[in-house]
Amino acid sequence: MASSPPPETIHPHPPAINYVAGFLLVGIAWGLTTPFIRRAAKTHQPSARAVRVMARSDVQSNWAKRTLYGAFYAVVDLLRNPRYAVPLLINLTGSVWFFLLIGQAELSLTVPIVNTLAFLFTVLGDWWVDGKVIDRNTWIGMMLSLAGIALCVQSKS
């Protein structure tokens, strides 16, 4: 009988730069798209058809119809709007990347790293999209978050 190769040769670990790139991509996909999604949702105007359907007396008099039609038309209208749909698609793609990452990388590192990066990119996205000023306390919080991630990574090595 031939001996099987050691497990390390069957599934070699990818280089660390692959994990770093994956963490960054998920953080960007989750964090940087959030301000774009919020801006599109805030400026959203319902379609004329949605307004007509929602104004019908049979819809207005029935709570279930009003709620279901309202939710349906809100979702359809937003998904038809590229200013909302494109960032949402990128954000959801980040969730797929995250799912792939947690299958490969250390779970206790992946989750805090990705969520911290998403927070950092959300703050930067708010600055970029809405021109929000990043105050001193936010900068301190961002630096402390990065320091916490550095401590987590250091404790695993």
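Is Phe72 buried, partly exposed or exposed? The model is a predicted one, and in it I find Phe72 partly exposed, with a relative accessible area of 48%. I then looked up Tyr73, which counts as buried at 11% relative accessibility, because the limit for that class is under 20%.

**Aromatic pairs**

I searched the whole structure for aromatic pairs and noted 3 of them. One of these is formed by Trp30 and Phe98, whose rings are tilted at 50 degrees between the planes and lie 5.1 Å centre to centre. Trp30 belongs to helix α2 (residues 16–31) and Phe98 to helix α7 (residues 82–104), so this pair ties together parts that are 68 residues apart in sequence. I checked burial here as well, and both Trp30 and Phe98 are buried. Phe72 and Tyr73 also form an aromatic pair, which I recorded as edge-to-face, with 75 degrees between the planes and 5.3 Å centre to centre.

**Helix α4**

Which residues of helix α4 (residues 48–55) are buried? I listed Ala50, Val53 and Met54; these cover an arc of only 95 degrees around the axis, which puts them on the same side of α4. The general rule I kept in mind is that an α-helix has 3.6 residues a turn, so residues three or four places apart point the same way. On the face of α4 turned away from the buried side, I noted the exposed residues Ala48, Arg52 and Ala55. Finally, I looked up what the buried residues of α4 pack against, and the entry reads α5 (57–60) and α6 (63–80).

Notes
Residues numbered from 1 in each chain as written. Predicted model: local features only at pLDDT ≥ 70, side-chain atom pairs only at ≥ 80, totals over all residues. Heavy atoms only, no water. Phe/Tyr/Trp six-rings, centres within 6.5 Å; stacked < 30°, edge-to-face > 60°. Helix = DSSP H or I, 4+ residues; strand = E, 2+ residues; numbered from the N terminus. Buried < 20%, exposed > 50% of the residue type's maximum accessible area, 1.4 Å probe, protein only. Arc of directions from axis to C-beta. Contact = heavy atoms within 4.5 Å.
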